[in-house]
Amino acid sequence: MSEAYGQALVRSPIPLQTGKAGRSRGAHGNLWAGSRWNHQVSEMPLPQKKRWESMAKGLVLGALFTSFLLLLYSYAVPPLHAGLASMTPEGAAPCSPAPGEPETATPANGSVGGCQPRRDIVFMKTHKTASSTLLNILFRFGQKHGLKFAFPNGRNDFDYPAFFARSLVQDYHPGACFNIICNHMRFHYDEVRGLVPPNATFITVLRDPARLFESSFHYFGSVVPFTWKLSSHDKLAEFLQDPDRYYDPNGYNAHYLRNLLFFDLGYDSGLDPSSPLVQEHILEVERRFHLVLLQEYFDESLVLLKDLLCWELEDVLYFKLNARRASAVPRLSGELYQRATAWNVLDARLYRHFNASFWRKVEAFGRERMAREVAALRRANEHMRRICIDGGHAVDAAAIQDSAMQPWQPLGAKSILGYNLKKSIGQRHAQLCRRMLTPEIQYLMDLGVNLWVTKLWKLIRDFLQW
């Protein structure tokens, strides 16, 4: 974009012609006199000084315009290289754990002493893992109870893919304390820890790495320049046949196409799989997070989350948001699935570890109890679907009637589905229906988040029809 808009066209000034005077007839109707006068004027050179002044003004304006567009682009698009953000220069904030306090997560609800609803939550929002659906659940809960969110400033993420820093929070000041942090970030535990009370609940969600890679490739591939060299109709299959041929670890947006979970959680996604750091990082995630949800078992994950947070069933109702239409979701074959898993081997090890721990939690919760609660959740979701959704199902972007329900689309495609709200909904459910169906960007605006960069970027995309 900076090249498209940032080049100023500087030309030597062209003398103005006289228009009417040059074309008017003389007193005797002679056109030749006026034409000759016009020709003489057009050949008169501007003084040398004025010519240089005009050129200088053009260069200055061009430089200013280019600088403005580069600045705009740096805000609208993630930085080329993401380095570790500096720690916010301040002492321990009131929300920080006391010196020497262990990282180990606080005990789950249901322990001796009763169950109290938890309202202090850090959701590490990973990419392409049904995280937008979980984000909507947290938005609704926080709005319902008047909780204080730590929101980004200007964008809908915390300057991703740069590391999170407290200073990125809207209206931040030293010592500020928040109930919920849930927007996209590259995780930086110490910086996040300093914004929430010591007993805050930390959660995140993972997905089968091969399926995640497939989704990320199709969603973000157009903004990863080294994929532009792929020439076949099935670019994903071509890439997986020989990924080292195309992949550039230092390339722009390269993090989207290898070990994205590891990257989002704040670790080196290019780490040697044989390094002992891999297992150390996995165990660190286990210490820091109370619950790691799985996208493939989303309902079971929400039941565990509801139990952990001591919430009501209504608090975890959901409609699937930010989902791609079926034609845009080609499934990986057996061989390509294995190749995608091997290519994302760090994420594969992370996923295997937490897949095992997830089912241990299910066993502790009780298989029969889990089956009953999942069935109850699905019945309640189906009930809300009949009440809220016009036609009862998601539709293509072009069929969404209300712009407030239009989800953000990937560059060059309109593959993300959305919903139409029923026109007649009872007063009891009207507010809940609208909130459940509102996409992330619009919900953030409803919550008062400053999204000037995101909105400006959308205007540019709409103008260029990206």
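Helices H5 and H12 are roughly parallel to each other, a label given to angles under 35 degrees, while those over 145 count as roughly antiparallel, 65 to 115 as roughly perpendicular and the rest as oblique. The contact (heavy atoms within 4.5 Å) is made by Thr-133, Leu-134 and Ile-137 of H5 and by Phe-298, Leu-302 and Leu-305 of H12. The model is predicted, so that local features need pLDDT of at least 70 and side-chain atom pairs count only at pLDDT 80 or more, whereas totals for chains, interfaces and linings use all residues. Residues are numbered from 1 along each chain as its sequence is written, and side-chain values use heavy atoms, with hydrogens and water left out. Helices (H or I, at least four residues) and strands (E, at least two) are DSSP runs, numbered from the N terminus.

In helix H16 (residues 427-437), the buried residues are His-429, Leu-432, Cys-433, Met-436 and Leu-437; buried means under 20% relative accessible area, exposed over 50%, and partly exposed in between (1.4 Å probe, protein chains only). These residues lie on the same side of H16 because they cover an arc of only 125 degrees around the axis, taken from the directions from the helix axis to the C-beta atoms. Exposed Gln-427 and Gln-431 sit on the face of H16 turned away from its buried side. Helix H5 (131-144) and helix H15 (367-388) are among the elements that cover the buried residues of H16.

Strand S4 (residues 291-294) is covered on both faces, with Leu-291 and Leu-293 buried on one side and Val-292 and Leu-294 buried on the other.
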